[in-house]
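Biologist: Before we use any labels here, I would like to hear what each one rests on. Please take the terms one at a time.

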Amino acid sequence: MVSKAIIRKDIIDITRSKTLLTTLIVIPIVFSVFFPLLIMGSALLFDIEKVTGSDLNMMLDKFVSVMDSSVAAYSVEQQIVYIFINYLLPTFFLLVPIITAMTVAANSFVGEKERRTLESLLLSPISIKDLYLSKIIASIIPPLFVSIISFVISGVIINALGYPIFSTLIFPSTNWIVLICCLSPMIILLVVLVNILISSKVKTYQEAQNIAGVVVLPIVALIIGQISGLFLLGVELILILSGVLLVINFVILYRISKFNDRPDLFEKQIH
Amino acid sequence: MEANFIHVNNLYKSFDQQAVLQNVNFHVKKGEIIGLIGPNGAGKTTFIRILNGVIKSDKGTIQINGLDPLKDGDDIRKMSGIVTESAGLYHQMSGEENLHFFSELYGVKNKNRVIELLLLFDLIDHKDKKVGKYSTGMKKRLALAKALLHKPEILFLDEPTNGLDPDGIKLVLSYLKKYNEETGTTMIICSHVLHQLENVCQSFAFIDHGTIVEQGALASLEEKYIDVLKVEIETTLKPSTPEYLGYKYSSVGNKLIFDLPSKQVISILLNEILKTNEVFSVTTLNTDLESIYFKVRGAHNGK
């Protein structure tokens with residue numbers, strides 16, 4: 001049984017920590033407000049067709065040839081905005097759940113160690129498995145919440161500014177729906193699981209961040225580097241990637257559910 | 001005779017090849033308040049942690065109410081309350097929020113328990129204040145309230161009076177004693193402030209260099225370790241010889257300090273003095289816990 005008390009306490013903890021809260025607010029604003037505003041605003045204010053040269057037009061044609069036939073009928077300006085919104089923005093957008101999940105999960109155990117409260121938890125009658133699972137859930141909720149809010153805000157901005165260009169609502173596409181419903185939660189879970197494991201093994205937040213930077217970021221970069229391509233190739237591949245992540249997450253979760261070494265966790269504290 | 005509630009036999013623990021506990025044997029009866037005393041670094045905290053199953057011992061057996069801390073740790077932790085040296089409270093939450101959180105963790109059903117304890121430990125006016133803003137004494141009192149939330153059968157108190165002012169020390173110690181009398185809770189109190197424990201604990205275990213060198217009630221320890229009893233008598237008597245009734249003495253102002261072989265001699269001595277002089281006060285000087293502590297340490301370090 002997970003401990004609701006620990007989940008609630010951890011969430012309170014996150015909302016009362018200035019650093020964590022700043023990350024949870026600033027990152028979504030940058031990637032889900034600033035970026036869409038920039039591209040949609042540029043499209044509205046400048047004549048993009050004039051700015052683009054023939055090379056870009058050739059590249060656009062190649063892109064468009066693998067897309068839905070309706071895209072080919074768009075003007076160059078519409079095509080650029082469409083490609084940005086549906087193929088480039090998702091890559092940046094995924095940074096929202098990734099960065100917020102990393103920040104929150106890395107703090108999970110290490111925050112308790114640094115403040116010498118992990119001792120109180122380990123001296124209470126909570127099993128190690130329940131402690132891990134409660135901490136995982138508490139670390140998943142904020143990034144999940146933030147990414148959904150970001151998705152909605154992006155959507156409002158894109159549709160509000162995109163309507164004069166397209167005369168229709170262009171957001172969300174099926175790709176975006178699959179991204180927010182399947183891929184984003186799976187990436188959040190993966191980042192949280194790996195960071196929680198690191199957080200439980202090291203003694204300081206600095207250490208947790210450093211290891212996460214070396215171990216987690218390259219894997220994450222590899223995944224998000226392929227997102228534009230995946231989006232181009234279609235919903236099926238995004239679903240397959242989400243499925244693969246689901247299996248990986250399941251394996252890690254299963255291993256965590258077998259954790260039972262309280263002294264091991266206890267001894268990895270600052271004394 | 002009551003059976004032992006806590007049994008520890010031949011316990012060993014080392015960290016990185018440095019021995020912290022060696023051949024520890026320790027027994028506590030149910031309902032007893034025992035003082036675990038020894039210098040800093042003697043192994044008291046490690047020992048408490050092993051008893052709670054958060055550190056593995058290298059060798060030895062432990063039974064707490066028939067349970068093994070490593071195998072049945074959660075059952076032991078359910079019936080134990082603990083005050084650690086660092087208090088282990090959440091500074092970003094208020095006093096009341098902390099107690100509510102730990103109530104849930106320990107499965108406390110009684111909703112009024114938190115308020116009861118806040119009132120008891122004089123924290124009700126500060127219940128909404130963040131614990132980070134509490135004074136050291138307030139944190140200690142809150143930690144004690146936290147340890148008592150689930151009405152534990154055993155209380156482990158690691159330096160419970162550290163950082164408290166004299167009023168706080170009095171409040172905490174007298175409450176612990178009263179609580180023990182009312183509920184029969186077994187208590188293990190670690191401390192190196194000996195005079196505080198003297199009137200609270202029923203027996204003492206002396207830990208030194210990772211070993212419990214002696215354990216017992218104050219009276220039996222006194223009998224074993226005090227061979228010369230120093231008794232200070234405030235009297236009008238001014239003996240003219242270096243010995244009085246064959247007992248050596250020294251004089252400080254109107255007080256005579258006698259070296260006596262046993263307690264029984266005190267009344268004989270007083271009877272004799274009272275025949276011709278007045279007596280205003282009689283105090284035994286070296287039967288307090290501190291004197292016995294140094295005697296025990298001296299005896300074992302000299303071995």
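**What the labels rest on**

Modeller: The backbone nitrogen of B:N10 lies 2.9 Å from a polar atom of the side chain of B:N25. Keep in mind that this is a predicted model.

Biologist: What makes the pair B:N25 and B:N23 a polar contact?

Modeller: The limit for a polar contact is 3.5 Å between N or O atoms. The side chains of B:N25 and B:N23 come to 3.4 Å, and the pair is counted as a polar contact.

Biologist: Where does B:N25 sit, and which residues does it touch?

Modeller: B:N25 belongs to strand β2 (residues 18–29) of chain B. Beyond four places in sequence, B:N25 is in contact with B:V8, B:N9, B:N10, B:I212 and B:Q215.

Biologist: Why is B:N25 called partly exposed?

Modeller: Buried means under 20% relative accessible area and exposed means over 50%. B:N25 has 29%, so B:N25 is partly exposed.

Biologist: Is B:E214 buried or exposed, and how do you know?

Modeller: The relative accessibility of B:E214 is 11%, and the limit for buried is under 20%, so B:E214 counts as buried. B:E214 lies in strand β9 (residues 211–216) of chain B.

Biologist: Which side chains make polar contacts with the side chain of B:E214?

Modeller: One of them is B:K224, at 2.8 Å. Another is B:Y225, at 2.4 Å. Both B:K224 and B:Y225 are also among the residues that B:E214 touches, as are B:F204, B:A205, B:F206, B:L221, B:V296 and B:H300, with residues up to four places away left out.

Biologist: What makes the meeting of A:R16 and B:E97 a salt bridge?

Modeller: A salt bridge needs a side-chain nitrogen of Lys or Arg within 4 Å of a carboxyl oxygen of Asp or Glu. For A:R16 and B:E97 the N to O distance is 2.8 Å, so the pair meets that limit. The count between chain A and chain B is five salt bridges. There are also 10 residue pairs in polar contact between the two chains, both residues being at pLDDT 80 or more.

Biologist: Which element gives the most to the side of chain A that touches chain B?

Modeller: That is α1(A), with eight residues.

Biologist: How do you know how much chain A and chain B bury between them?

Modeller: The size of an interface is often given as the accessible area lost when the parts come together. For chain A and chain B this is about 2,500 Å², with 59% of it on carbon and sulfur atoms. A:R16, A:L123 and A:P125 supply 28% of the area that chain A buries against chain B, more than any other three residues. In terms of contact, 28 residues of chain A meet 30 residues of chain B.

Biologist: Which residues of the largest nonpolar core touch the most other members?

Modeller: Of its 182 residues, they are A:I85, B:I6, B:F26, B:L36, B:F47, B:I188 and B:F206. Helix α10 (residues 174–201) of chain A gives the most to this core, with 15 residues.

Biologist: What makes B:L36 and B:F26 a contact?

Modeller: Contact requires heavy atoms within 4.5 Å. B:F26 is listed among the contacts of B:L36, so the pair has heavy atoms within that limit. The contacts of B:L36 also include B:F47 and B:I188.

Technical notes. Residues are numbered from 1 along each chain as its sequence is written. Chains are lettered from A and ligands numbered from 1 in the order in which they are written. This is a predicted model: local features need pLDDT of at least 70, side-chain atom pairs count only at pLDDT 80 or more; totals for chains, interfaces and linings use all residues. Side-chain values use heavy atoms; hydrogens and water are left out. A nonpolar core is a set of buried Ala, Val, Leu, Ile, Met, Phe, Trp, Tyr and Cys residues joined through side-chain atoms within 4.5 Å. Buried means under 20% relative accessible area, exposed over 50%, partly exposed in between (1.4 Å probe, protein chains only). Helices (H or I, at least four residues) and strands (E, at least two) are DSSP runs, numbered from the N terminus. Buried area is the accessible area (1.4 Å probe) that two parts lose on being put together, summed over both. A polar contact is a pair of N or O atoms within 3.5 Å; within protein, one must be able to donate a hydrogen and the other to accept it, and residues adjacent in sequence count only if both atoms are side-chain atoms.
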